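Let's take a friendly walk through this model together. Have the coordinates open in your viewer as you read.

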Amino acid sequence: MIVIVAPGQGSQKPGFLSPWLELPGARARLAALGEAAGIDLIEHGTVSDADTIRDTRVAQPLIVAAGILALDALGERASLASGVAGHSVGEITAAVAAGVLEAEDAMALVGERSRAMADAAAQTPTGMAAVIGADETELETRLAELGLQPANYNGGGQVVVAGPLDALGALGEAPPARARVIPLQTAGAFHTSFMEPAVERFRAKAASTPTADPTTTLWTNRDGSAVERGAEFLELIVGQLSSPVRWDLCMAAFQEAGVTGIIELAPAGALVGLAKRGLRGVPAVGVSSPDDLEAAVRLLESGAAA
């Protein structure tokens, strides 16, 4: 079983879409995706600087659009995988891969998601940090003391936490035993109660978004279970705004299903790294640019032949 995974916010880099626009039809495709999201994806994906694309309103649509371009290119070269999942906003990309959302509907959805989350983050100065190597029980006790919350359980000993900036600073100064705390370049405490103001706003947009039932296995960040219906997917991604991403449980589900390979869509890197620690020995390919498509196709074909 080959699983396609889609990364979340923070994976974008300045100019990362430029090589994709060299593919036939990609520029027109990206322009249409940007129109659906209400943002100029061609400009932001090619010339905007790091600070500009760090903005949640820009980063999220860019990441989903990049994944869709990679899916288009892979689909032209090989049969797609037998399972898909996405990390945080990457769940919307995964839903396109699973046939739950049409690409333009997905972009309209992520456009509203990004604006709602950015507005919620602007209400209180908050941020996120990765904690690596902590005992989870000890970490959760320390978070409760500081008024912080777990946001992503990423597996491999990594938990992303979120909350007020002063509390994150205190965690960095006095972390749990043997743990490292790495501040992240994000604009808010995503996947925590600080995102509650975004939930109802996003729910209204999700309610008007057409869906189909998945055509392949689609795992949810909520608990690593498989999504059965398109309407269920929308309910899950609305709740996801203010609840932790359980990527550790998604990787456990991949393993239980017999995963034999992982392909991470553009902008790749983060999830391949987590797979190397959480799914040791499973081949993984990151599709960062069109140059990586050949390796991804070989992995897909190896899964089809198995």
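In which loop is Arg 178 found? It is the loop between α8 (165-173) and β6 (180-183). Please keep in mind throughout that this is a predicted model.

Phi of Arg 178 is near 65°, a positive value in a residue other than glycine. Arg 178 is also exposed, with a relative accessible area of 72%.

Ser 88, which is not a glycine either, has a positive phi of about 60°. You will find Ser 88 in the loop between β2 (83-86) and α5. Is Ser 88 buried or exposed? With a relative accessible area of 10%, Ser 88 is buried, because the cut-off for that class is under 20%.

## The sheet

Next comes an open sheet of five strands, in the order β7-β2-β1-β9-β10 and with parallel pairing. At its edges stand β7 (217-218) and β10, each with a single partner strand, so one side of each has no neighbour in the sheet. As background, the strands of a sheet pair through backbone hydrogen bonds, either parallel or antiparallel.

Ile 263 stands opposite Val 285 of β10, and Ile 262 stands opposite Ala 284. From β9 the chain crosses through helix α12 (residues 270-278) to β10, in a β-α-β crossover that is right-handed.

The loop between β9 and α12 holds Pro 267. A cis peptide bond joins Ala 266 to Pro 267, with omega about -10°.

The lining of the largest cavity consists of Val 5, Trp 247, Met 251, Phe 254, Ile 262, Leu 271, Ala 275 and Leu 279. These divide into eight nonpolar residues, no polar and no charged. Both α11 (247-257) and α12 supply at least two residues of this lining, and α11 gives the most, with three.

## Covered helices

Helix α10 (residues 230-240) is mostly covered, with eight of its 11 residues buried. The buried residues are Gly 230, Glu 232, Phe 233, Leu 234, Leu 236, Ile 237, Val 238 and Gln 240. What covers them includes α5 (90-97), α6, α9 (196-207) and β7.

Helix α6 (residues 103-123) contains Gly 111. Gly 111 counts as buried because its relative accessibility is 0%. Which residues does Gly 111 touch, leaving aside its neighbours within four places in sequence? They are Ala 37 and Pro 61. Gly 111 and Ile 39 are 72 residues apart in sequence, while their C-alpha atoms are 8.0 Å apart in space.

Methods
Residues numbered from 1 in each chain as written. Predicted model: local features only at pLDDT ≥ 70, side-chain atom pairs only at ≥ 80, totals over all residues. Heavy atoms only, no water. Helix = DSSP H or I, 4+ residues; strand = E, 2+ residues; numbered from the N terminus. Buried < 20%, exposed > 50% of the residue type's maximum accessible area, 1.4 Å probe, protein only. Contact = heavy atoms within 4.5 Å. Pairing = 2+ DSSP bridges. Right-handed = clockwise from strand over helix to strand, strands pointing away. 1 Å grid on protein atoms, 1.4 Å probe; cavity = no way out; pocket = protein on both sides within 12 Å on 5 of 7 lines; lining within 4 Å. Nonpolar A, V, L, I, M, F, W, Y, C, P; charged D, E, K, R; others polar.
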